[in-house]
Amino acid sequence: MFETQLQEMVLEWETSHFSFLRPFWVLDWKTKPEPLGHSGFSLSLQRELSFFDSIRFFCFPHSFAKEKKDRLTNSLRDKLRGKGITNQSPKEKTSHFEKIQSYFQEPTELRLKDVTTIQASLQLEGMLIPLPMRHIQMHEGDSHLVLRMGLLKTIHYRLHSKTFQPPYPKLAECYIQTRDTHKDKSFGNVYYSFLGYFLEIETDEYLLPYFGLKPTVPQPIRETIPKDIWNAIKDVPKSDWILTSLKAEELEFRPVYQVSTSLPHHLK
């Protein structure tokens with residue numbers, strides 16, 4: 001990429017205040033030309049450490065710095081991948097400390113309000129969708145999606161909970177119709193495969209990984225989802241729901257259950 005193209009792309013990120021890099025804040029950035037039509041850029045970043053992060057940095061400065069640098073690098077790779085510029089990032093070994101930390105930071109249950117489900121058809125031909133061993137089903141050039149939306153009240157973890165106050169953030173899950181592909185290139189069953197989460201306010205979606213809600217919907221698909229889908233939440237009966245199968249990869253294995261004192265639990 002030439003330097004002028006890179007500058008245009010970074011200026012576009014600057015209009016959203018580099019939201020995909022938060023909780024880091026970008027203080028300054030600059031680009032430079034490289035040989036053979038390439039270019040590079042550097043960032044000056046700042047963030048405030050929580051009490052827990054301050055202790056970790058004091059006790060394990062090198063591993064703490066590496067973890068944050070890797071997270072920033074992966075966020076940047078994901079952003080560039082959405083532009084079709086870079087390949088998949090290489091997998092790195094996870095330390096025992098990171099595995100333990102990840103275990104306790106994984107959500108075990110979501111408490112939702114006013115859940116509703118809508119179906120949509122979108123033109124996704126040519127888009128890179130990260131679903132290995134799955135073939136995207138096309139119907140006259142369109143892909144079929146299922147969007148399940150609701151108001152996010154509480155995220156339960158193994159040792160604590162994160163509770164939101166009204167107005168609750170509007171959270172959605174995105175599923176796409178796929179067919180299993182086998183090693184011999186034959187096809188299997190058709191499922192609605194989980195693509196990821198997204199929020200009504202797109203600039204707030206950098207928070208989803210920090211809440212443990214991963215993955216997020218790929219950016220090329222996120223950009224095609226119309227904003228008026230959120231109006232569907234206003235028309236549903238007021239009720240609470242829970243989602244517990246957060247690691248499942250298909251819609252039928254990620255049911256939500258209604259919470260009610262007068263009605264038995266049932267699926268949605």
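Aspartate 114 is placed in strand S3, a strand being a DSSP run of E with at least two residues, and a helix a run of H or I with at least four, both numbered from the N terminus. The phi of aspartate 114 is positive, about 55 degrees, although this residue is not a glycine. At 2% relative accessibility aspartate 114 counts as buried, a term for under 20% relative accessible area, with exposed meaning over 50% and partly exposed in between (1.4 Å probe, protein chains only).

The model is predicted, so local features need pLDDT of at least 70 and side-chain atom pairs count only at pLDDT 80 or more, whereas totals for chains, interfaces and linings use all residues. Residues are numbered from 1 along each chain as its sequence is written, and side-chain values use heavy atoms, with hydrogens and water left out.

**Overall**
- The protein has five helices and eleven strands.
- Of its 268 residues, 37% are buried.
- Among contacts (heavy atoms within 4.5 Å) between residues at least 6 apart in sequence, 60% join residues at least 24 apart.

**Helix H1**
- Leu6, Met9, Val10 and Trp13 are the buried residues listed for H1. They cover an arc of only 95 degrees around the axis, which puts them on the same side of H1; the arc is taken from the directions from the helix axis to the C-beta atoms.
- Thr4, Glu8 and Thr15 are exposed, on the face of H1 turned away from its buried side.
- Histidine 17 follows H1 and has a positive phi, near 60 degrees.

**Nonpolar cores**
- A nonpolar core is a set of buried Ala, Val, Leu, Ile, Met, Phe, Trp, Tyr and Cys residues joined through side-chain atoms within 4.5 Å.
- The largest core has 20 residues, of which Leu110, Leu152, Ile155, Leu171, Tyr197 and Leu213 touch the most other members. Two or more residues of this core come from each of strands S3 (109–122), S6 (142–156), S8 (170–181), S9 (187–199) and S10 (240–243).
- Apart from this core lies another, of 17 residues, including Ile136, Ile176, Val217 and Ile225.
- Leaving aside residues up to four places away in sequence, the contacts of tyrosine 197 include Leu110, Leu171, Glu173, Pro215 and Arg254.

**Cis peptide bonds**
- Most peptide bonds are trans.
- Proline 166 and proline 167 are joined by a cis bond with omega about -5 degrees; proline 167 is in the loop between strand S7 (161–163) and S8.
- The bond from lysine 214 to proline 215 is also cis, with omega near -5 degrees. Proline 215 is in the loop between S9 and helix H5 (219–222).

**Salt bridges**
- The whole structure holds twelve salt bridges, each a side-chain nitrogen of Lys or Arg within 4 Å of a carboxyl oxygen of Asp or Glu.
- Aspartate 70 pairs with lysine 66 at 2.8 Å, N to O. The two are four residues apart in helix H3 (residues 61–82), and so are separated by about one helical turn.
- Aspartate 240 and lysine 153 form a salt bridge with their closest N and O atoms 3.1 Å apart. Aspartate 240 is in strand S10 and lysine 153 in strand S6, so the pair ties together parts 87 residues apart in sequence. Both residues are buried.
- Glutamate 173 meets arginine 254 at 3.0 Å, N to O. Glutamate 173 is in strand S8 and arginine 254 in the loop between S10 and strand S11 (256–259), 81 residues apart.
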